[in-house]
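Hi,

Here is the structure I said I'd pass on.

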Amino acid sequence: MKNKILLLLLFVILLKTNAQEAIVFDNQERRVITTGVPFVLIAPDARAASMGDMGVATSADAFSQQWNSAKYAFSSTKSGVAVSYTPYLNKLVNDVFLGNVTYFNRLDERSAFAASFKYFSLGDIEFVQDEFSQSLIQRPNELTIDASYALRLSDKFALSVAMRYLRSDLKLDTGSNDTAAASTFGVDVSGFYQSNIKTYNNFDGRWRAGFALQNMGPKFSYDEGGQDNFQPTLLRLGGGFDFIFNPKNKLAVTAEIGKLLVPTPPIYGFVDLNNNQIQDGNESTIIVKGKDPDVNFLSGMFQSFTDAPDGFSEELKEFTWALGAEYVYQDAFAFRGGYFNENEDKGARKFLALGAGFKYEAMTIDFSYLFSTSKVQSPLENTLRFSLTFNIGTGTYSNF
């Protein structure tokens, strides 16, 4: 009996000793999820930007391709072209920007298609190899080209699928042969619900709801044999209500949440075999807390809901939320406002946005302005964004 007790005590001591040898060298509380081509998460149009970067459940417009292409099946306009321009880091440089061009066409009462081109320029970068060589001017850039098809399954609900090609050319050509742009493809699946107009006590009203799974696709690498990067796969959910006070005055309120479906970085460490507090060559890196992020994109989507090292409380921190409102007068003038919030440990994007829109015949112009409320300065702080929409089709559709 004594021998068994001694063996048990020895086993406990060995376990305790081994546990003490596990040294954590990445114990940061802020585990921000990073992805490739993050520019696709920048709101390209002024209307969505002025309501807190939301668009999955707002009413249909020309830029629905960027948020929820199923909304095109509810567009009251036959077809149109939209362009937008967003200065980026305008306090530091004047040649970094995001541009977007979108075309949509509602084919009939039930279906619609759209295509868009998004271009992100990092400006001119001067590269000097040595004092005797001539300087080279290069312009790293990223872009996407996508197309979507929306089908109205009922009077109130539509689904859409979009295909996207992504290209990221961020490497500087220094004369080596390994310089190449990274590219991949992604898929969006989205849905939109819009109720019929109902009469309440003092106003008419209409409900809206939407979801979108965006940028679902394989990982990609910037170098042959280099690290694979996840696309910014994103889940968006939203809902809203239109207060229709009379034919001239309408107020739309909308709420939205979002979550990156990408694995959370775990807490790493190593087993200190030599007890010197330094990771030697024979001491491999281990995951102390969390899950291995080296998985394919599909496994990563499901894993992203359960892999935060601090459990459910940290998973909740990975959700962003936004609230927005839009007042429209005579379908000619709009005033908008919104707020976006992201947890401080997951990126700390917090900002208030305001904007306005003016419609004259077939043209609409929208503006937005961002005020950062975070301790971390936003690259879009105090930035004026604008977008233009041209309705080029003849005829309109009724959305009941």
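Predicted model: local features only at pLDDT ≥ 70, side-chain atom pairs only at ≥ 80, totals over all residues.

**Aromatic rings**

There are 21 aromatic pairs in total. Take Y72 and F104: their ring centres are 5.2 Å apart and their planes are at 15°, so this pair is stacked. The pair also joins distant parts of the chain, with Y72 in the loop between α2 and β2 and F104 in strand β3 (residues 97–106), 32 residues apart. Y72 and F104 are both buried.

F117 has a relative accessibility of 35%, so F117 counts as partly exposed.

Ring pairs tie together Y200, F203, W207, F241, F243 and F245.

Which ring faces have K259 over them? One is F305, where K259 lies 5.2 Å from the ring centre. Another is F319, with K259 at 6.0 Å from the ring centre.

**A serine in a loop**

Have a look at S75, which is in the loop between α2 (46–50) and β2 (79–87). S75 has a relative accessible area of 8%, so this residue is buried. A polar atom of the S75 side chain is 3.0 Å from the backbone oxygen of T77.

**Pockets and cavities**

Next come the empty spaces. Rolling a probe the size of a water molecule over the atoms shows where such space is left.

The largest pocket has a volume of about 1,200 Å³. Its lining is made up of 42 residues, and those nearest the centre are A60, S76, K250, D331 and K359. Several strands give two or more residues to this lining, including β14 (234–246), β15 (249–260), β20 (350–360) and β22 (384–391). By class, the lining of the largest pocket has 15 nonpolar, 16 polar and 11 charged residues.

The second largest pocket comes to about 960 Å³. It is lined by 42 residues, with P38, L41, F340, E342 and R349 nearest the centre. Two or more lining residues come from each of β14, β15, β18, β20 and β21. Which of these gives the largest share of the lining? That is β15, with five residues. The lining of the second largest pocket divides into 22 nonpolar, nine polar and 11 charged residues.

Finally, there are four cavities of 30 Å³ or more. The largest cavity has a volume of about 120 Å³. Around the largest cavity there are 13 lining residues, and V40, Q66, K118, Q214 and N215 lie nearest its centre. This lining has six nonpolar, three polar and four charged residues.

Cheers

Definitions and conventions: Residues numbered from 1 in each chain as written. Heavy atoms only, no water. Helix = DSSP H or I, 4+ residues; strand = E, 2+ residues; numbered from the N terminus. Buried < 20%, exposed > 50% of the residue type's maximum accessible area, 1.4 Å probe, protein only. Polar contact = N/O pair within 3.5 Å; in protein donor to acceptor, adjacent residues only side chain to side chain. Phe/Tyr/Trp six-rings, centres within 6.5 Å; stacked < 30°, edge-to-face > 60°. Lys NZ or Arg CZ within 6 Å of the ring centre and 35° of its normal. 1 Å grid on protein atoms, 1.4 Å probe; cavity = no way out; pocket = protein on both sides within 12 Å on 5 of 7 lines; lining within 4 Å. Points joined across faces, edges and corners; volume = space filled by probe spheres on them. Nonpolar A, V, L, I, M, F, W, Y, C, P; charged D, E, K, R; others polar.
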